[in-house]
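This briefing goes through a few local features of one protein chain. Keep the sequence and the 3D view open while reading.

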Amino acid sequence: MRLSISGKAMIIYGSIFIAIIILTFGLSYFGTVGRLQKDLKDTHIALLKQIDTKIEIVFRSTEKDLLNLSQELEYVYFMYDSFDDASQKYANFFGLSNKLKTMVHANDQLSSLFVYSHTSGDVLTDKTFIKKNASEDNWLGSYIEMEGYSKWIATHKVWDGEKMQDVVTLIRPYPLISSPGYRKGLVAVNINEDVLYRMISDVFEGNQEGIHTFIIDDKGNIVTHDDKSQLYKNMTDIPYIHRILGEKGSGQFATESNGGKQSVFYTMSNYTGWRIVSVIPETQLYQPLESIRNLMIAIVILMVVLALSVLFYVNRRTFKPLDRLASKMSGAFKPTKPGQAVRLDYLETVFDQMFMDREQLEQRVRDSKPILKWRIVMDMLTGYRTEYESVSRHLEFTGFPFFPNMFVVCTAEIEKEGFISSKDETLYTYVLCNVAEELINMETAGVAIDLGSGCAAIIFSFAEGDVEQNHLQALTILELVLDIMKHQFGLLVTAGVGRCYRDMKDIPKSYDESQKALQYRMVIGSHAVISFEDLIGSDNQDYYRIIKMTDRIIEALRNTEVSKIQQNVALMYQEAVGDGLSPELIRHLSYELVMKSLQAIAATGIDTDEILDSMGNLHERINRCHGWQEIKQIVLNVLEQMAKKVEDKRVQRGSNKLIEKMLAYIEAHYRESEFSLAQLAAKFELSPTYISKLFKEHTEKNFIDYLIETRINASKELLTDKHRKINDIAEEVGYTNTRSFLRAFKKYTGMTPSEHREWVLDSNPEIAME
């Protein structure tokens, strides 16, 4: 049977129309929904990687703090159990305990800190001290023979001196790089499991009902989980966990679990070897795509029905409705017959909805630009992006131009002298970043981001010029930024500036230098641009020279000369600031002066417990100081309190005529090389033991120390005569062996006799002319 022309037209055109509609919407479906589906998967994997990056930053910061702790003398003495007496051990434990507390208080992520000495068997934490065999279960000592130089332990229970806590632990040996059998101890940093899980929940914002996100170690043990009942369990018996443990890197796959189809996303941490896993029901994962998918299916069905209807009408009546449809699709549709445009108006509504959905998607992309900008800049600052090609297109997309070389990094912080709420702090930092970007992009190119807590990171990039010229230009721009923030917004801002580097891979170096420079606001002052290049290096020789000045302060403390204490303390801090000692060395100098002073007055028989109680947490008080003058005042107050104790002690003790006769006899006979305690005892017909005790009680010094000090003071007077030989001076003050004289002089003065003579002659030109 032959078909009519109209029948053939219906079959041919109908088939073509249906094929075109199905093909067009099929391509649109897979091109739109499929791409969005892939973007959703990529987004979930990116969130897991963000969690990994966040955890790694915290863990690396913790390891850096442990490295700094291992360099402290108190830490070394504790590990080797190397103490001369109980007072030194107590002072060392006190200093180390304060440093542990300071480290825990300074890091919100830390729960507790354990230091275990394998030499003594003792354990010291930030809250308690556990003597050898005092703990029923010394869990830390069992890791002394562990393989490798560090070990992360999954969630376990630890008693921190107050309560049992679920913690994740990092264990490092001492020395840091040592094999089993050569270790002197261990240090363990405990991070509360809830803190670790908050790092996950902070990234996954919104309703997480039905979604399970957790971390497992390389053995399948739970590290942290949203369901706390799963803690301490091993998940290797679950098929998809077994599959994840056999994979490297990141990935996604679907599995049947809990009576439904689940999408499993995972990524492996290159730092800890842990797997971060997120299990999401597919119905919940692809819920945002359901409306688009249903709409497109409805459009396909509608278009097929509409096409067949139009084809039938055209074939029966005229081709004008088809022309109007083509005109409408091309934007030139002008209906001539109202009755013929009713059904096609619905098609127009459908397409308008599609365009509206596209605009909404574009709006979401625009809203994500600030987050993308912050992530890219943080990657550059931390060294995760070191190639210009990897960031240039993304920064251009976010609207920030960037040059491929010549980079300077600045860290700026808003001063918080008054109360500033967290909301206002964020707003002020946003203003600071906008002002900086506006001024930078007027001269060159750069970007600024909020680091939190009133801090901002600013990166300059330059298209031309040399290193010095570009660094100077960056300093000039920053001075303008500080001036605008002060006069227009009433805010004081301090900026630390790193050096200028040619390669993008060196941005982390400049960033680290800028943070170090910012610390010098304690010395230089607030509202200033502090360049790392302008800082004088902290020379250890300068530090050791300045710390010798504490001897004069302690001597004045023994003599209860408050005016000399004030004078020498002021001079010491002026020297420290003038020689450019770093803020950390200035704090350490303050701790050293207080500890040496405590030891000095303790040697006189004074109970220092009351002084220690009144001092409070000295480390915390000093660390909170923003200027060296505040530190000086704290130390001076403590020293004046000690001087008052010494004065009260001496008033209670009274005078002793026998000791005064002994001192006069020593002054008359110290030049005799054979002069000794036995000779003094024979002279006064007393036992050496009794004289030693009496001498210590009333002079606060041992007999031998007093004799050496008398001889050294006499030699200082003789050294002012530049014509006298050192050997003759040694014999004249009672030393038959010149080497012994040199050793004693260096110990008590910090200089050799020749160096002391040069110092005296340089300080007193009149003596040098004689």
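Ile12, Tyr13, Ile16 and Ile20 make a nonpolar surface patch of about 370 Å². The model is a predicted one. The points below start with this patch, then turn to a strand and its partners, and end with aromatic rings.

**The surface patch**

- One member of the patch, Ile20, is found in helix H1, which covers residues 5-70.
- Isoleucine 20 has a relative accessibility of 46%, so it counts as partly exposed. That class lies between buried, under 20%, and exposed, over 50%.

**Strand E11 and its cover**

- Strand E11 spans residues 275-281 and is mostly covered, with 7 of its 7 residues buried.
- In a regular strand, side chains alternate between the two faces of the sheet.
- In E11, Arg275, Val277, Val279 and Pro281 point one way. Ile276, Ser278 and Ile280 point the other way. Residues on both sides are buried.

**The partners of E11**

- Strand E7, residues 212-216, is joined to E11 by 5 bridges, and the two run antiparallel. Within this pairing, isoleucine 215 stands opposite isoleucine 276 of E11.
- Strand E10, residues 260-268, is joined to E11 by 7 bridges, and this pair also runs antiparallel. Here serine 263 has isoleucine 280 of E11 as its bridge partner.
- E10 and E11 form a hairpin, with 6 residues between the two strands. In the turn, glycine 273 has a positive phi of about 80 degrees.

**Aromatic pairs**

- How many aromatic pairs does a search of the whole structure find? The search finds 14.
- The ring centres of phenylalanine 460 and phenylalanine 462 are 6.3 Å apart and their planes are at 5 degrees, so this pair is stacked. The cut-off for stacking is planes under 30 degrees apart.
- Phenylalanine 460 and phenylalanine 462 are both buried.
- Tyr665, Phe675, Phe684 and Phe703 are linked into a cluster by ring pairs.

**Charges over rings**

- Which ring lies under the charged end of arginine 243? The charged end sits over the ring of phenylalanine 253, at 3.9 Å from the ring centre.
- Arginine 711 has its charged end over the ring of tyrosine 735, at 5.5 Å from the ring centre.

Terms used
Residues are numbered from 1 along each chain as its sequence is written. This is a predicted model: local features need pLDDT of at least 70, side-chain atom pairs count only at pLDDT 80 or more; totals for chains, interfaces and linings use all residues. Side-chain values use heavy atoms; hydrogens and water are left out. Buried means under 20% relative accessible area, exposed over 50%, partly exposed in between (1.4 Å probe, protein chains only). Helices (H or I, at least four residues) and strands (E, at least two) are DSSP runs, numbered from the N terminus. Two strands pair if DSSP finds at least two bridges between them. Rings of Phe, Tyr and Trp (its six-membered ring) pair if their centres lie within 6.5 Å; planes under 30 degrees apart count as stacked, over 60 as edge-to-face and the rest as tilted. A charge sits over a ring if NZ of Lys or CZ of Arg is within 6 Å of the ring centre and within 35 degrees of the ring normal. Patches are made of residues with over 30% relative accessible area and no salt bridge: like charges are joined within 9 Å, nonpolar side chains (Val, Leu, Ile, Met, Phe, Trp, Tyr) within 5 Å. Accessible areas come from the Shrake-Rupley method with a 1.4 Å probe; for residues, only the protein chains shown count as cover. A salt bridge is a side-chain nitrogen of Lys or Arg within 4 Å of a carboxyl oxygen of Asp or Glu.
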